[in-house]
Amino acid sequence: MPKRAIVREPSKSYASCISSHPLRHTIDLPLARKQHEEYCKTLLELGLELIRLPRDDKHPDSCFVEDNAVVHGRRALICRMARESRRGEEEAVMEVLRDYMPVKRAVPPATIEGGDVIHLENCLICGVTQRTNIEGVNQLKEWFDVEVKTVFDRRIVHLKSYVSYLGRGFVISTKRYADHPALKGLKVLVIPEDESYAANALAIDDVVLMPKGFPKSEMMVREAGYEVITLDVSEFQKCEGALTCLSILF
């Protein structure tokens, strides 16, 4: 189980986030900050030490810290994000992580973001998407010296919007990737198509954080033997973010 979580409050420029969500124009910053604080409170209650980064008002997407670094074992890869507007977010994350472990930066021509990397006990699964390229996968593999299975789909932004690992061999997935070879040997919980947003779930030991409002998916995870905590993350959904995006666990 992880001991710490890096988090960062939504910035004052948050409403300018990268998003094609139809409700983006209705983003409520005070509500986003309230929801973020509830998320942080939940992590504390689950026994994690919170490392709160200073707010980064220059970068609208900076609360989505997961994309800034991949931590595996006792090492961290500092990501090189695909969108120019997000570069620079990772500096504060790197400063924190280098106090705990060796860090290495991804370098051009690689692009890689943490939202594409799924952590299993003995390997990683990485999406090759709009945000992560094959050079990023190769640098990930080289730095961590671990097997990395790939899911190629340039149509999507991040793989973890569609697949999350829950532990004990279970993954939650949309129908789109349920039969993908990268998931072979895992127990796949296929969520209903009308609840696809629930595919991004954050597992901490045997507790799974899920977005509120997706009862069929929640019941499926409970029946697999997990405790489920649901959180309202409406204002992060509008920026095409979700529960895993809001922290780096290590």
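I count a residue as buried when its relative accessible area is under 20%. The model I am reading is predicted.

**Entry: helix H2**

I started with H2, which runs over residues 90–97. Which of its residues are buried? I found Glu90, Val93, Met94, Val96 and Leu97. I then looked down the axis of H2: the buried residues fall within an arc of 160°, so they line one face of the helix. Next I checked what covers them. The cover includes strands E1 (4–7), E2 (49–52), E3 (69–72) and E4 (75–78). Strands E5 (103–105) and E15 (248–249) are also part of that cover.

**Entry: Leu140**

I moved to helix H3, residues 134–144, where Leu140 sits. Is Leu140 buried or exposed? Its relative accessible area is 0%, so I logged Leu140 as buried. I listed its contacts, leaving out residues up to four places away in sequence. Leu140 touches Val70, Leu77, Ile112, Val117, Leu124, Cys126 and Val148. I took one of these partners for a distance check. Cys126 is 14 residues from Leu140 in sequence, and their C-alpha atoms are 9.1 Å apart.

**Entry: Lys160**

I then picked a lysine in a loop. Lys160 lies between strand E8 (148–152) and strand E9 (163–167). Why did I log it as buried? Lys160 has 11% relative accessibility, and the cut-off is under 20%. Where does its side chain reach a backbone oxygen? A polar atom of the Lys160 side chain lies 3.2 Å from the backbone oxygen of Val117. Val117 is also on the contact list of Leu140. Beyond four places in sequence, Lys160 touches Glu66, Gly114, Gly115, Val117, Ile118, Ala199, Asn200 and Thr244.

**Entry: the largest pocket**

The largest pocket holds about 1100 Å³. I found 36 residues in its lining, with Pro2, Val71, His119, Ala203 and Leu249 nearest its centre. The elements giving two or more residues to this lining are E3, E6 (117–119), E9, E12 (202–204) and E15. Which element gives the largest share? E9 does, with five residues. By class, I noted 20 nonpolar, eight polar and eight charged residues in the lining.

**Entry: the second largest pocket**

I sorted the lining into eight nonpolar, eight polar and four charged residues.

Key
Residues numbered from 1 in each chain as written. Predicted model: local features only at pLDDT ≥ 70, side-chain atom pairs only at ≥ 80, totals over all residues. Heavy atoms only, no water. Buried < 20%, exposed > 50% of the residue type's maximum accessible area, 1.4 Å probe, protein only. Helix = DSSP H or I, 4+ residues; strand = E, 2+ residues; numbered from the N terminus. Arc of directions from axis to C-beta. Contact = heavy atoms within 4.5 Å. Polar contact = N/O pair within 3.5 Å; in protein donor to acceptor, adjacent residues only side chain to side chain. 1 Å grid on protein atoms, 1.4 Å probe; cavity = no way out; pocket = protein on both sides within 12 Å on 5 of 7 lines; lining within 4 Å. Points joined across faces, edges and corners; volume = space filled by probe spheres on them. Nonpolar A, V, L, I, M, F, W, Y, C, P; charged D, E, K, R; others polar.
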